[in-house]
Amino acid sequence: MWPPASLAVVEVRDEASRRVEWVALNYENGKTIWSVAAGSEGWWRHLSFVTANEVVLRRFESSRNPDRVSYETWSLLRGTPVATSAQTIVPPTPNEVTLPTDYWQGSPEFDTVARYLRATLACEPTGQIEYAAVHDRLAISWYEKDHEALSQYVAVWQPGRDLWRETLMSHGRGFGTDSFFLARNWLFTVKEKKELIVVSFSD
């Protein structure tokens, strides 16, 4: 299941201060619906999944035993606790989300997409490419070498048209996966690990 239209819940973690915050926002107008911040006592809670009415967090009860967990259920619209359970809560099957496919350098699929990027953007992809296609649109994320570091980019195409392009990371040191996803004709991604970007994937 997916939350009500235009509503998303994100988790923001600050490794230095070990603070975590959960934020519900309307991604069409950029307005925050609610936010809940926690200090070090909340560090062991993680956003598990979101349904049409609830936010479910998973909480590790012991840093030495990852099997000891409990679940907190919050109201999606208010961000307030509803229940706590030691029983495993199984997430619903996501039927409205499209995740990209990873292609690693050396595979035929990587070579095919890399040729397309060279022809359209005159760039030289390296290492890994993420690719997703919905209807007549393509979303591709790729890396380029910048001296000893890496830069990561994402772009959206329609046949014959370069619709949107963004730099996701500069001076990086490694490759990552799931750098974007598609839901309800919107593309979601994060820039430089701190800025959420939401772009329409339709006209």
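Leaving aside neighbours within four places in sequence, threonine 177 is in contact with Asp102, Trp104, Gln128 and Glu130, contact meaning heavy atoms within 4.5 Å. The model is a predicted one, in which local features need pLDDT of at least 70 and side-chain atom pairs count only at pLDDT 80 or more, while totals for chains, interfaces and linings use all residues. Residues are numbered from 1 along each chain as its sequence is written, and side-chain values use heavy atoms, with hydrogens and water left out.

Threonine 177 is placed in the loop between strand 13 and strand 14; strands (E, at least two residues) and helices (H or I, at least four) are DSSP runs numbered from the N terminus. Its C-alpha lies 9.0 Å from that of threonine 101, at a separation of 76 residues in sequence. With a relative accessibility of 44%, threonine 177 counts as partly exposed (buried is under 20% relative accessible area, exposed over 50%, and partly exposed in between, with a 1.4 Å probe and protein chains only). Aspartate 178 is in the loop between strand 13 (161–172) and strand 14 (180–183). Although aspartate 178 is not a glycine, its phi is positive, at about 55°. Aspartate 178 is also partly exposed, at 48% relative accessibility.

Strand 14 pairs with strand 8 (residues 97–98) in the antiparallel sense, through two bridges; pairing of two strands requires that DSSP find at least two bridges between them. Within this pairing, alanine 183 of strand 14 is the bridge partner of valine 97. Strand 14 is also antiparallel to strand 15 (residues 186–191), to which four bridges join it. Phenylalanine 180 stands opposite threonine 189 in strand 15. The hairpin of strand 14 and strand 15 has two residues between the strands, and arginine 184 in this hairpin takes a positive phi near 50°. In a regular strand, side chains alternate between the two faces of the sheet.

A pair of aromatic rings is described by the distance of the centres and the angle of the planes. The structure holds 11 aromatic pairs, where rings of Phe, Tyr and Trp (its six-membered ring) pair if their centres lie within 6.5 Å, and planes under 30 degrees apart count as stacked, over 60 as edge-to-face and the rest as tilted. One of these is formed by tyrosine 27 and phenylalanine 188, whose ring centres are 5.0 Å apart and whose planes stand at 80°, so the pair is edge-to-face. Because tyrosine 27 lies in the loop between strand 2 and strand 3 (31–38) and phenylalanine 188 in strand 15, this pair ties together parts that are 161 residues apart in sequence. Both residues are buried, tyrosine 27 with a relative accessible area of 7% and phenylalanine 188 with one of 5%. Phenylalanine 188 is also paired with phenylalanine 181; the ring centres are 4.9 Å apart and the planes at 5°, so this pair is stacked. Phenylalanine 181 is partly exposed, with a relative accessible area of 27%. Ring pairs link Tyr27, Phe181, Trp186 and Phe188 into a cluster.

Asparagine 26 is placed in strand 2 and is buried, with a relative accessible area of 19%. Apart from neighbours within four places in sequence, asparagine 26 is in contact with Ser6, Lys31 and Ile33. Arginine 18 is located in the loop between strand 1 (7–14) and strand 2 (19–26). The phi of arginine 18, which is not a glycine, is positive at about 55°. Arginine 18 is partly exposed, with a relative accessible area of 35%.

For the protein chain as a whole, the secondary structure comes to one helix and 16 strands. Along the principal axes, the C-alpha atoms fill a box of roughly 55 × 40 × 30 Å. Of the 203 residues, 41% count as buried. Among contacts between residues at least 6 apart in sequence, 38% join residues at least 24 apart. The accessible surface comes to about 11,700 Å², and 49% of this belongs to carbon and sulfur atoms; areas come from the Shrake-Rupley method with a 1.4 Å probe, and for residues only the protein chains shown count as cover. The chain has 21 positive and 26 negative side chains, and the centres of the two sets lie 5 Å apart. Lys and Arg count as positive and Asp and Glu as negative, while His and the chain ends are not counted; the place of a charge is taken as NZ of Lys, CZ of Arg, CG of Asp or CD of Glu.
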